[in-house]
Amino acid sequence: MVHSLATVVELVNTSPSTGGDEGLAGLAELQAFVESRQISGVTKLTARDLGQVRIVREAFHRVFTSTDPAAAVRTLNGLLSETRITPRLTEHDGHPLHVHYFAADATLAEHVAADCGVALAHLLVEGEAERLRTCSAPDCDRVFVDESRNRSRVYCDSRTCGNRMHVAAYRARRRA
């Protein structure tokens, strides 16, 4: 589940909707994403895969940014209803035994929608929707999952956005 949550965060943050450039501009970027997230069972990627993954990505973005829990549930249910979820235990590529939720012949988009969608579903079912966050830095719209014990994380990355905001606050106090 932790890996799937990190995968969905990385996927959503490739979207121009998060304030940056298109991170999945072509098949090379999609292939790099597949490799970096160690998504198994992916063979040759096509333009159709790219388009489908972008659609899934935007649905996940709506789940993260929804202020209405019922709307987030509807979006996630819609996404999951379009996948062939077939849970099975597997070991591969040096990973310990884990569950895959996608059908064996699933497209990349189905694979990502099923595995990441189920991980997000578990968070919503467990009443942890508030852990799905958008960065509080004024110039950043990246998403993240707040894994802190006290649910206090507000920046997508403490080394970049968090540090910038703390330095800005320090400088503002020094001027006052």
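Student: Are α4 and α5 roughly parallel or roughly antiparallel to each other?

Tutor: In this predicted model, helix α4 (residues 69-81) and helix α5 (residues 108-125) pack at an angle of about 150°, with 10 Å between their axes. Axes are lines fitted to C-alpha atoms, for helices over the stretch in contact, and angles run from 0 to 180 degrees between N-to-C directions. Angles under 35 degrees are classed as roughly parallel, 65 to 115 as roughly perpendicular, over 145 as roughly antiparallel, and the rest as oblique. The relation of α4 to α5 is therefore roughly antiparallel.

Student: How many nonpolar residues has the contact of α4 with α5?

Tutor: Ala, Val, Leu, Ile, Met, Phe, Trp, Tyr, Cys and Pro count as nonpolar, Asp, Glu, Lys and Arg as charged, and the others, Gly among them, as polar. In the contact of α4 with α5, no residue is charged and one is polar, while the number of nonpolar residues is ten.

Student: Which pLDDT must side-chain atom pairs reach in order to count?

Tutor: Residues are numbered from 1 along each chain as its sequence is written, and side-chain values use heavy atoms, with hydrogens and water left out. For this predicted model, totals for chains, interfaces and linings use all residues, local features need pLDDT of at least 70, and side-chain atom pairs count only at pLDDT 80 or more.

Student: Are α3 and α5 roughly parallel or roughly antiparallel to each other?

Tutor: Helices are DSSP runs (H or I, at least four residues), as are strands (E, at least two), numbered from the N terminus. The axes of helix α3 (residues 47-65) and α5 come within 8 Å and cross at roughly 15°. The crossing is right-handed. α3 and α5 are therefore, in orientation, roughly parallel.

Student: How many charged residues are in the contact of α3 with α5?

Tutor: Asp 49, Gln 52, Val 53, Val 56, Phe 60, Val 63 and Phe 64 in α3 meet Leu 108, Ala 109, Val 112, Ala 113, Cys 116, Gly 117 and Leu 120 in α5. By class, this contact has eleven nonpolar residues and two polar ones, and the number of charged residues is one.

Student: What is the relative accessibility of Leu 120?

Tutor: Leu 120 lies in helix α5. Buried means under 20% relative accessible area, exposed over 50%, and partly exposed in between (1.4 Å probe, protein chains only). Leu 120 counts as buried because its relative accessibility is 0%.

Student: Is Val 112 buried or exposed?

Tutor: Val 112 also belongs to helix α5. Not counting residues up to four places away in sequence, Val 112 touches Leu 11, Ile 39, Val 56, Phe 60 and Gly 117. Its relative accessible area is 3%, so Val 112 is buried.

Student: What is the phi of Gln 38?

Tutor: Most residues other than glycine have a negative phi. Gln 38 lies in the loop between α2 (27-36) and α3, and counts as partly exposed at 45% relative accessibility. Its phi is positive although the residue is not glycine, with a value near 50°.

Student: What is the phi of Arg 151?

Tutor: Arg 151 is placed in the loop between β4 (143-145) and α6 (158-175). With a relative accessible area of 32%, Arg 151 is partly exposed. Its phi is again positive in a residue other than glycine, near 55°.

Student: Is Thr 67 buried or exposed?

Tutor: Thr 67 is found in the loop between α3 and α4. Its relative accessibility is 79%, so Thr 67 counts as exposed.

Student: How far apart are the end C-alpha atoms of residues 131-174?

Tutor: The UniProt annotation "domain: Zinc finger CGNR", from an unreviewed entry, covers residues 131-174. UniProt positions are given in the numbering used here, feature names are shortened, and annotations may be inferred rather than shown by experiment. The span is 39% helix and 14% strand, and its end C-alpha atoms are separated by 33 Å.

Notes. A crossing is left-handed if the near helix is turned anticlockwise from the far one by less than a right angle, and right-handed if clockwise. Contact means heavy atoms within 4.5 Å.
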